[in-house]
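I opened this notebook to record what I looked up in one structure. My entries follow in the order in which I made them.

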Amino acid sequence: MESRNIWLWRISSSGKGQRLWEESLKSNKIILYLGLSEMGDLAEYPVEGDNTIENAYKRIYKQNVTDSKAKSIADACENMLCIDEGDIIMIFNDSNSKLICKAWGYVKYPYDYDSSSKFPHYLTVENWNLIDDVPILLKKGKPKSFLRELNDTEVKLNQDIFYVG
């Protein structure tokens with residue numbers, strides 16, 4: 001069996017996050033919306049050097065940008081660039097300090113950039129498989145960033161619970 005990476009993608013259950021999730025469902029896409037409209041194509045940034053995503057973010061969005069925020073944004077962007085065709089995305093949100101899985105899907109096309117789009121940074125999912133708020137139990141705690149790569153051997157669907165870790 002072909003090995004696939006499994007990624008957890010956090011969404012907010014209200015406000016802008018909920019609207020982005022609804023847009024993702026309609027378009028079969030994962031949208032990276034972190035206010036990055038002026039960044040351009042994230043795939044064009046080098047991994048090291050003066051013009052990394054993190055450094056460019058600090059330069060472009062000078063006001064109210066802490067080092068930790070820039071690092072968090074860069075981590076999310078760089079992780080999104082690592083997601084490959086065939087990988088699995090699990091959408092979750094936090095509910096009463098529990099991770100609740102909303103849907104999952106196979107990545108059809110990895111990261112793409114469309115400067116003419118309202119949401120220029122995205123990847124395409126084959127189809128969303130909706131789940132009725134299934135808890136995700138993590139042995140090692142919550143993901144520390146918007147995305148977290150997991151080995152597919154660490155995930156098992158058992159009745160109504162995803163065990164991860």
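I began with the elements and found three helices and nine strands in the chain; both are DSSP runs numbered from the N terminus, helices being H or I with at least four residues and strands E with at least two. Read from the N terminus, the order is β-α-β-α-α-β-β-β-β-β-β-β.

I noted that this is a predicted model, in which local features need pLDDT of at least 70, side-chain atom pairs count only at pLDDT 80 or more, and totals for chains, interfaces and linings use all residues. Residues are numbered from 1 along each chain as its sequence is written, and side-chain values use heavy atoms, with hydrogens and water left out.

I then looked up burial. Of the 165 residues in the chain, 39% are buried (under 20% relative accessible area, with exposed over 50% and partly exposed in between; 1.4 Å probe, protein chains only).

I turned next to contacts, meaning heavy atoms within 4.5 Å. Among those in the chain with a separation of 6 or more, 61% join residues 24 or more positions apart.

Beyond its neighbours within four places in sequence, T124 contacts N28, K29, Y106, V107, K108 and Y109.

Last, I checked the cysteines. I recorded zero disulfides, a disulfide being a pair of cysteine sulfur atoms within 2.5 Å. C77 is buried because its relative accessibility is 0%.
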